[in-house]
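Me: I would like to go through this model with you step by step, taking the helix contacts and then some individual residues.

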Amino acid sequence: MSLTARIGELSPYLRLMRPELYYMDLTLPASSAILASYLATGGLPELIPFLIAVIGGFAAITSSYVFNDCCDIDIDTINLPGRPLPSSKLSKSSALAYAVFLLVIAGAAAAYLNPESLVTLIIAASVITIYSIFAKRNTFLSFLPVGISYGLVPVGIWLAFDPAGILKGSDGVILPLPAICFGLMICVTDWAFTLGGVSRDVEGDRMKGAPTMPVTFGIPFTARFVTFWWIVGVIASLTIGWSAHLGPVYYAGALTSGLWMLTQCLDFIKHPTPERGGRLFLNGSNYRAIMFGSMILDVVLCIYAGGYTSILW
């Protein structure tokens with residue numbers, strides 16, 4: 001059975017949370033928590049705070065998906081009619097309540113872990129709301145707030161395990177360089193990631209008057225623009241390893257998956273179609289998930305394998 005068929009059999013509430021992106025959306029908060037704890041304490045995070053952070057981060061990300069679907073029912077009726085809302089498998093009011101429920105879970109997790117994480121969540125949620133309600137229907141630069149919001153996810157998780165000290169005591173460093181590199185990498189790759197999906201949705205966006213980049217400048221231009229930001233993102237992934245002194249497993253995973261991702265971008269340039277943009281969207285999810293997984297494994301080796309970090313450092 002294909003992935004699309006398996007997703008189609010899920011509950012409408014689970015489908016609203018983008019099951020095809022679950023691996024990426026779970027490993028992002030997990031890797032952020034593990035790297036932050038390692039650099040702050042030299043060890044892995046405690047289990048309960050770690051699970052709360054992962055669940056909270058996942059709920060924050062998926063709440064934005066659900067809310068965006070509520071704002072895009074008319075466009076999705078053209079582009080993705082099988083989704084729960086355009087196919088009338090779920091009402092808009094139920095989906096909005098679900099988005100609020102997920103955001104409350106995220107807020108409760110953030111408040112429990114560190115009020116600084118809660119402030120970061122509020123900023124991120126506000127920025128993504130601007131995208132869903134206003135930016136997508138009014139400017140080709142609508143991808144910018146999506147990247148900013150998603151880039152704040154690792155920052156909010158990081159603060160839960162390595163507080164900035166503004167609202168809760170810490171070592172006096174507001175945000176260490178690896179956290180900044182992590183947030184920037186997610187931000188720029190999410191610009192590219194989002195525009196891949198937007199290229200898939202160009203027909204509905206055009207018909208409903210949403211001036212996205214593919215609608216305004218065409219998919220061929222968007223493909224080149226996307227490739228540029230994926231290149232920047234792959235380079236930025238290496239700065240995370242450099243700033244955190246990670247080992248060869250991380251570099252191998254980040255480089256191998258990053259180079260594979262760039263080959264997918266080149267293919268998008270050669271075949272600038274909505275369908276290829278949609279596949280690039282999923283390619284981007286897989287690339288980042290592999291990178292996050294490599295980071296988790298590398299940190300575990302840094303902690304438990306004596307002399308591992310001395311291989312590179």
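Reply: Before we begin, a helix here is a DSSP run of H or I with at least four residues, and the helices are numbered from the N terminus. Please keep in mind throughout that this is a predicted model.

Me: In which helix is Ser-132 found, and with which residue does its side chain make a polar contact?
Reply: Ser-132 is found in helix H7, which covers residues 115-133. With a relative accessible area of 4%, under the 20% limit, Ser-132 counts as buried. Leaving out residues up to four places away in sequence, Ser-132 touches Phe-67, Asn-68 and Cys-71. Of the side chains there, the one joined to that of Ser-132 by a polar contact of 3.3 Å belongs to Asn-68.

Me: Are helices H3 and H9 roughly parallel or antiparallel?
Reply: Helix H3 (residues 22-41) packs with helix H9 (residues 177-200) at an angle of about 165 degrees, and their axes are 11 Å apart. Because angles over 145 degrees count as roughly antiparallel, the relation of H3 to H9 is roughly antiparallel.

Me: How many charged residues does the contact of H3 with H9 have?
Reply: On the H3 side, Met-24, Leu-28, Ser-31, Ser-32, Leu-35 and Leu-39 take part, and they meet Pro-178, Phe-182, Ile-186 and Phe-193 of H9. By class, this contact of H3 with H9 has eight nonpolar residues and two polar ones, while the number of charged residues is none.

Me: What is the handedness of the crossing of H4 and H8?
Reply: Helix H4 (residues 47-71) and helix H8 (residues 143-161) pack at an angle of about 160 degrees, with 11 Å between their axes. That angle makes H4 roughly antiparallel to H8, and the crossing of the two helices is right-handed.

Me: How many polar residues are in the contact of H4 with H8?
Reply: From H4, the residues Pro-49, Phe-50, Ala-53, Gly-57, Ile-61 and Tyr-65 meet Tyr-150, Val-153, Ile-157 and Phe-161 of H8. Nine residues of this contact of H4 with H8 are nonpolar and none is charged, and the number of polar residues is one.

Me: Is Asp-201 buried or exposed?
Reply: Asp-201 lies in the loop between H9 and helix H10 (202-207), where, leaving aside neighbours within four places in sequence, Asp-201 is in contact with Asn-79 and Leu-80. Leu-80 itself lies in the loop between helix H5 (73-79) and helix H6 (92-113), and Leu-80 also contacts Pro-86 and Arg-200. Because the relative accessible area of Asp-201 is 7%, and the limit is under 20%, Asp-201 is buried.

Me: Is Arg-18 buried or exposed?
Reply: Arg-18 has its place in the loop between helix H2 (12-16) and H3, and although Arg-18 is not a glycine, it has a positive phi of about 60 degrees. Since its relative accessibility is 7%, Arg-18 counts as buried.

Me: Is Ser-88 buried or exposed?
Reply: Ser-88 lies in the loop between H5 and H6, and it too is a residue other than glycine with a positive phi of about 60 degrees. Because its relative accessible area is 63%, and the limit is over 50%, Ser-88 is exposed.

Me: What separates the C-alpha atoms of Leu-297 and Val-249?
Reply: Leu-297 lies in helix H14 (residues 274-304) and is partly exposed, with a relative accessible area of 46%. Although Leu-297 and Val-249 are 48 residues apart along the chain, their C-alpha atoms are separated by 7.4 Å.

Methods:
Residues are numbered from 1 along each chain as its sequence is written. This is a predicted model: local features need pLDDT of at least 70, side-chain atom pairs count only at pLDDT 80 or more; totals for chains, interfaces and linings use all residues. Side-chain values use heavy atoms; hydrogens and water are left out. Axes are lines fitted to C-alpha atoms, for helices over the stretch in contact, and angles run from 0 to 180 degrees between N-to-C directions. Angles under 35 degrees count as roughly parallel, over 145 as roughly antiparallel, 65 to 115 as roughly perpendicular and the rest as oblique. Contact means heavy atoms within 4.5 Å. Ala, Val, Leu, Ile, Met, Phe, Trp, Tyr, Cys and Pro count as nonpolar, Asp, Glu, Lys and Arg as charged, and the others, Gly among them, as polar. Buried means under 20% relative accessible area, exposed over 50%, partly exposed in between (1.4 Å probe, protein chains only). A polar contact is a pair of N or O atoms within 3.5 Å; within protein, one must be able to donate a hydrogen and the other to accept it, and residues adjacent in sequence count only if both atoms are side-chain atoms. A crossing is left-handed if the near helix is turned anticlockwise from the far one by less than a right angle, and right-handed if clockwise.
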